[in-house]
Amino acid sequence: MALRINAENFEEKVLKADKPVLVDFYSDTCIPCKQMAGILGDIEDEHEDTVYIYKVNVNYDKALAEQYKVMSVPTVICFVNGEQKGKVVGLKEQEKVEALFEEYL
């Protein structure tokens, strides 16, 4: 299961990561977010050695959500070498989410 991070450890876990990172911006009350969590769990299982996956709760980390222009949840953003490289908004198929990071592996 993806580790929940916040503004305090975002730089260390995401911006300084040595592999591509998927950050799932979510809310506990969002049904599509719960469905996306399952998809991200499958990706995590299949790509555990090549990509990190973290979760940011937009209800507790509003500043991070605003900084990365998260307007609705779920939103998954891919970071590579500290830079935002792609984003999907809404519930997406596993292949669409994997396409965010595959070219960086």
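Modeller: Helices (H or I, at least four residues) and strands (E, at least two) are DSSP runs, numbered from the N terminus. The model is predicted: local features need pLDDT of at least 70, side-chain atom pairs count only at pLDDT 80 or more, and totals for chains, interfaces and linings use all residues. Residues are numbered from 1 along each chain as its sequence is written, and side-chain values use heavy atoms, without hydrogens and water.

Colleague: Which residues does UniProt list for "active site"?

Modeller: The entry is unreviewed. UniProt positions follow the numbering used here, feature names are shortened, and annotations may be inferred rather than shown by experiment. The record lists Cys-30 and Cys-33.

Colleague: Where is Cys-33 placed, and is Cys-33 buried or exposed?

Modeller: Cys-33 lies in helix H2. Buried means under 20% relative accessible area, exposed over 50%, partly exposed in between (1.4 Å probe, protein chains only). Because its relative accessibility is 2%, Cys-33 counts as buried.

Colleague: Which residues does Cys-30 touch?

Modeller: Cys-30 sits in the loop between strand S2 (21-26) and helix H2 (31-46). Contact means heavy atoms within 4.5 Å. Not counting residues up to four places away in sequence, Cys-30 touches Val-73 and Pro-74.
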